[in-house]
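User: Hi! Could you walk me through this structure, one question at a time?

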Amino acid sequence: MRIICLQLTRLGDIYQSIPTIRGLLRVYPDAKLDLIVRDSFAKGIPNLGERVRIFELPVSDLLQPFLKEHATPEASLSHLNQWIESIKAEPVDLLVNLSFSPLSSFLTFELASENTVVRGYSRTTDGFLDIKDESSAYVYAQVGVGRPNRIHISDIFSMVAGVDLIDSDYARFQENTNDDLVALFSEHQVNKPFVVFHVGASSPLKTLSTEQWRQLALRTVDELKVNVVLVGSKSEAITQSGVLREGLIDLCGKTDLNQLRKIISQAKMLVGGDSLGVQIASCVGVPTINISTLSVNFWETGPRATGSYTLWYPNLREVPLPHILLCIEGVQKNSKPALPYIQLEPGFGMIYSIHGYEIDSWEWDLVRAIYSGKDFPRIERHLVLEGFSRLQELADLGLEQIELIKTGKNVSVPLSVLNEIDDLVLRVLGFCPEIAPVVRWFQTEKSMIAPGSREQVIENTEKVFKSLKEFCVTMKVNNSIGHQLGENTSWK
Amino acid sequence: MTKDEFEKKLSDELARLEKAADNLIRTSGYVKDARRLKLLAELIREQIRNENNMSATNATR
């Protein structure tokens, strides 16, 4: 059996895909797995065993012809054709796309054959997005920064792949110290034990400023008497000399990705923004203090190593450094850090508990009601009740049009009304943003209706409108009765 | 090539590629070459987006 796993996002997501890759290899013990990644990230992937081959999507080679003065697509097209045919030379039984991007959906379609089972995003034969499973539909509708999802992305990956993960799939990598790391430590006078500060991130909005990192590092060394190793890219270096003072070593720009992983694996703790360092620490089992903010969703990409915490700040430029210092001290002494903090809990899916922060969970409660049958949340604002009333009216209008279409007479008018409903739903969303999870669910379910016979399409469309109506009715009834029943009871 | 020049060049090539793909779809249908031109267009589009480091990784999800 041959499995292809497509992971075309950044290295952090590749690391977060590793439990799923392990799960697939466990569930299919006779399978070989080919992991396709961008060429620029292939070298940073740890050894995943003999059954896993790494294939590089040659992004640089494919883009290069377009940078010439009189570019034509022929050279890139020819290169792409050869690459795709080489991958398809062996039959593919299962293709799992973990990337959730338009590019990956096109590539998935090209790599799959008639007998391939596909999971994740693909394309229909006429080029439209084809979402192959319910978990991917959930991603499309509810996952990402600014969305209410609270399920960790590494668990979402496993749901898309269709495997139930077990503890051993999350087990830490055992990294061996190699000679070049010993030489690096010796050259830069790195003394153990040490804490790693990962000062870099894919965006400056996701991490502290250079000066904040410098202050935090100096105070950690001075006040907590802990050795600190700074890692990141060359441009993120805090000092040119490499040594700020005894016990504080700046290795920014002096390590490759494999060395970075080995250094983190030997650390007592990692402190960093929501970025690659945190994801590597999760893989190698190093407790992490994740410094997070609005531009990321810590629920999705926060740390997973036992004993990890997230500290969340609305503005990373105004972070109180003593709070982080107290947390470092707490993790070091294996005690609870100072409030507020977000703690990793054992389990699957939603894996963090909140301590001392006020985080509104209304939209997340709504998402759980839609997807897993939990109780619908109480409506506290009249405008939200209005929003659901208007949505219900539109669902009723849609169902009326479907009944007219079923009669087969003059279907053009009801069809145009159905199209109008999409715009009207967006208008309701405009005055009531709280209903966004329901609207995105509705749009996604409609986009998943596959081409088929007229009867099938009508039937599936009717199901979506009926579910929309059911959500709205449940919300409203639950709300009106719930107020009479009291805090902890609900009609549903 | 500066970052701005790089993005401008890729944006121009993206527009050309999309036009070529649309022409092919119009004349020959959604055939293999059209699909793969679309794929290359998406590759360029993501490159332009990710070269702008203000975008979080999540933007490509």
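Analyst: Happy to. Helices (H or I, at least four residues) and strands (E, at least two) are DSSP runs, numbered from the N terminus. By that naming, A:Pro340 sits in the loop between α12 (321-332) and β15 (341-344) of chain A. This is a predicted model in which local features need pLDDT of at least 70 and side-chain atom pairs count only at pLDDT 80 or more, while totals for chains, interfaces and linings use all residues. Residues are numbered from 1 along each chain as its sequence is written, chains are lettered from A and ligands numbered from 1 in the order in which they are written, and side-chain values use heavy atoms, with hydrogens and water left out.

User: Is the peptide bond from A:Leu339 to A:Pro340 cis or trans?

Analyst: Most residues other than glycine have a negative phi, and most peptide bonds are trans. For the bond from A:Leu339 to A:Pro340, omega is near -5 degrees. That bond is cis.

User: A:Phe100 has a positive phi; is A:Phe100 buried or exposed?

Analyst: A:Phe100 is in the loop between β4 (94-97) and α4 of chain A, with phi near 55 degrees. The classes go by relative accessible area with a 1.4 Å probe and protein chains only: buried is under 20%, exposed over 50%, and partly exposed in between. A:Phe100 has 1% relative accessibility, so the residue counts as buried.

User: And A:Asn410, buried or exposed?

Analyst: A:Asn410 also has a positive phi, about 45 degrees, although it is not a glycine. A:Asn410 lies in the loop between α14 (382-407) and α15 (412-431) of chain A. Because its relative accessible area is 56%, A:Asn410 is exposed.

User: Why is helix α10 of chain A described as largely enclosed?

Analyst: The helix spans residues 276-284, and its buried residues include A:Leu276, A:Gln279 and A:Val284. These buried residues pack against α1, β8 (194-198), α9 (257-265), β12 (269-273), β13 (288-292) and α11 of chain A. The helix is largely enclosed by the rest of the structure because the buried count is nine of the nine residues.

User: Which residues is A:Gln16 in contact with, beyond its neighbours in sequence?

Analyst: A:Gln16 is placed in helix α1 of chain A and counts as buried at 6% relative accessibility. Contact here means heavy atoms within 4.5 Å. Leaving aside neighbours within four places in sequence, the partners of A:Gln16 are A:His152, A:Ile153, A:Ser154, A:Phe157, A:Gln279, A:Glu300 and A:Thr301.

User: What is the area buried between chain A and chain B?

Analyst: At this interface, 43 residues of chain A contact 29 residues of chain B. Buried area is the accessible area (1.4 Å probe) that two parts lose on being put together, summed over both. Carbon and sulfur atoms give 63% of the total, which is about 3,300 Å².

User: How many salt bridges does the rule find across the interface?

Analyst: A salt bridge is a side-chain nitrogen of Lys or Arg within 4 Å of a carboxyl oxygen of Asp or Glu. A:Arg38 forms one with B:Glu46, where the closest N and O atoms are 2.5 Å apart. Across the interface of chain A and chain B, the rule finds four.

User: Which residues of chain A is B:Glu42 in contact with?

Analyst: B:Glu42 is part of helix α2 (residues 32-51) of chain B. At 10% relative accessibility, B:Glu42 counts as buried. Its contacts, apart from neighbours within four places in sequence, are A:Pro102, A:Leu103 and A:Phe106.
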